[in-house]
Amino acid sequence: MKISLKIFFNLLLIGSLSNAVFSQTDTTKIKKIDTEINTTQSTNQLKAVSKKNLINPSTQLDLNINKQLNTAAINKKLNETKPNSNSNFLLETLPEDSDIIGKKYWNNKDVTHTKLKSNYSLGTVKSTTKTVKVECRDYSYVDGDRIRIFVNEQVVSDNIGLKGNYYVYYITLEKGYNRIDFQAINQGLSGPNTAELNLYDANGNLISSKEWALGTGQNATLGVLHY
């Protein structure tokens, strides 16, 4: 009986020691895990603090664009490129259209591509000399008739007053056909516009002698062939 009690107490003691040992081991593991968690949290906090320190809360961001851009120069350029509000300006006033010929107007009508019309033919003559002399005068009542002269559809003499004596004009001819137009600017005090025309070559030879009676704006055309 005594032996059995002794064995029982020994087993009880061994069991108590085992529980103590396991309890100590588990506690060590828990402490180790707690230490790791605390270390991780501490490291994360340090990292967060170090990132936060990259931004200086006292730094003022310069958002004033006017100081960074030359707004005065930009506005000046924009004003220079504004479209012209005047609808009647000539095309060649634009830098990009400097090679375009502006439109021509006569009596408020666009005559840019209009050919000069002939209302009365004075015929066609030949000249062996490059230069010819034109003489014209009012052969009727001198009442203020006025004309302009075209050579190959270009004005060479404008607003000529026809009188009793001859108006003289010299023309340099091109090779081939030359068109000479006499346009009536008005009809004087008593219409029509009347004139006598004489044409001489450079040698003084009379090669044409004509007369006309024109209304305002009408043209008398003389053709001259030069070889």
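Modeller: In this predicted model, Glu135 has a relative accessibility of 12% and therefore counts as buried, the limit being under 20%. Its side chain meets that of Lys133 in a salt bridge, with 3.4 Å from N to O, and Lys133 itself is partly exposed, since its relative accessible area is 22%. Lys133 has a further contact, for its charged end sits over the ring of Tyr200, 5.1 Å from the ring centre.

A second pair involves Arg137 and Glu196, whose side chains form a salt bridge at 2.9 Å, again taken from N to O. This pair links distant parts of the chain, because Arg137 belongs to strand β4 (residues 131–137) and Glu196 to strand β9, 59 residues apart. Here Arg137 counts as partly exposed at 22% relative accessibility, whereas Glu196, with a relative accessible area of 14%, is buried.

The strands that carry these residues belong to an open sheet of 4 strands, in the order β7-β4-β9-β10, with antiparallel pairing. Its edges are formed by β7 (167–172) and β10 (206–214), each of which pairs on one side only, and neighbouring strands in the sheet are turned against each other by 20° on average, direction ignored. Strand β9, which covers residues 193–201, pairs with β10 in the antiparallel sense over 8 bridges, and within β10 it is Glu211 that stands opposite Glu196.

As for charge pairs elsewhere, the structure holds 4 salt bridges, and one of them joins the side chains of Arg179 and Asp181 at 2.6 Å, N to O. Both of these residues are buried, Arg179 with a relative accessibility of 16% and Asp181 with 0%.

Strand β8 (residues 176–184) is joined to β5 by 5 bridges, the two running antiparallel, and in β8 the bridge partner of Val151 is Ile180. Strand β5 (residues 146–151) is mostly covered, with 5 of its 6 residues buried. Another 5 bridges join β5 to strand β6 (residues 154–161), also in an antiparallel arrangement, and in β6 the bridge partner of Val151 is Gln154. β5 and β6 form a hairpin with 2 residues between them, and Asn152 in the turn has a positive phi of about 50°.

Methods: Residues numbered from 1 in each chain as written. Predicted model: local features only at pLDDT ≥ 70, side-chain atom pairs only at ≥ 80, totals over all residues. Heavy atoms only, no water. Pairing = 2+ DSSP bridges. Axes fitted to C-alpha atoms, helices over the stretch in contact; angles between N-to-C directions. Lys NZ or Arg CZ within 6 Å of the ring centre and 35° of its normal. Buried < 20%, exposed > 50% of the residue type's maximum accessible area, 1.4 Å probe, protein only.
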